Amino acid sequence: MTPWLSLLVAGFFEIGFTTSLKLSEGQTKLFWTVSFYFCVVASFYFLDQAVRSIPMGTAYAVWTGIGAAGTALIGIFFFKEPATFLRLAFLIMLIGSIVGLKAVSGK
């Protein structure tokens, strides 16, 4: 797996662990609690794979950006969180920043 694909997978698992944390209801729901821990371990595993080739600062910024943007979108689409103009504008800027970091990374 390429480092950038590993980083993308790590970001998706970050979205998985934040969503699972919410659905675990204070870790009282067994399935979602197990899902949370699985996603945490998987996310860090793939992040570790990525930082072997991608500079740590870039990888961490992209990983957290994917997680933050993805989690915000999950909140909007599945948990009925507000989708105000400014919130969406900042999400678009965040996603643009992630793409920009990839574009200037050199690898």
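Let's start where two helices touch: T58, A61, V62, G65, I66, A68, A69, A72, L73 and I76 of α3 meet R87, L88, L91, L94, I95, I98 and L101 of α4, where contact means heavy atoms within 4.5 Å. By class, this contact of α3 with α4 has 14 nonpolar, 2 polar and 1 charged residues. Here Ala, Val, Leu, Ile, Met, Phe, Trp, Tyr, Cys and Pro count as nonpolar, Asp, Glu, Lys and Arg as charged, and the others, Gly among them, as polar.

A word on what you are looking at: this is a predicted model, in which local features need pLDDT of at least 70 and side-chain atom pairs count only at pLDDT 80 or more, while totals for chains, interfaces and linings use all residues. Residues are numbered from 1 along each chain as its sequence is written, and side-chain values use heavy atoms, with hydrogens and water left out.

Now step back to the whole chain. It contains 4 helices and 0 strands, and from the N terminus on the elements run α-α-α-α. Helices (H or I, at least four residues) and strands (E, at least two) are DSSP runs, numbered from the N terminus. The C-alpha trace spans about 45 × 35 × 20 Å along its principal axes.

How do α3 and α4 lie against each other? The axes of α3 (residues 56–78) and α4 (residues 85–104) come within 9 Å and cross at roughly 150°; axes are lines fitted to C-alpha atoms, for helices over the stretch in contact, and angles run from 0 to 180 degrees between N-to-C directions. That angle makes α3 roughly antiparallel to α4, a label for angles over 145 degrees. The crossing is left-handed, meaning that the near helix is turned anticlockwise from the far one by less than a right angle.

The other pair to visit is α1 (residues 3–23) and α2 (residues 30–50), which pack at about 160° with their axes 7 Å apart. This makes α1 roughly antiparallel to α2. Their crossing is left-handed. Among the residues making the contact are F13 and F17 of α1 and W32, F36 and F46 of α2. The residues of this contact divide into 17 nonpolar, 6 polar and 1 charged.

Finally, follow α4 to its end. G106, which follows α4, has a positive phi, near 85°. Across the chain's 107 residues, 36% are buried, that is, under 20% relative accessible area with a 1.4 Å probe, protein chains only.

Notes:
Angles under 35 degrees count as roughly parallel, over 145 as roughly antiparallel, 65 to 115 as roughly perpendicular and the rest as oblique. Buried means under 20% relative accessible area, exposed over 50%, partly exposed in between (1.4 Å probe, protein chains only).
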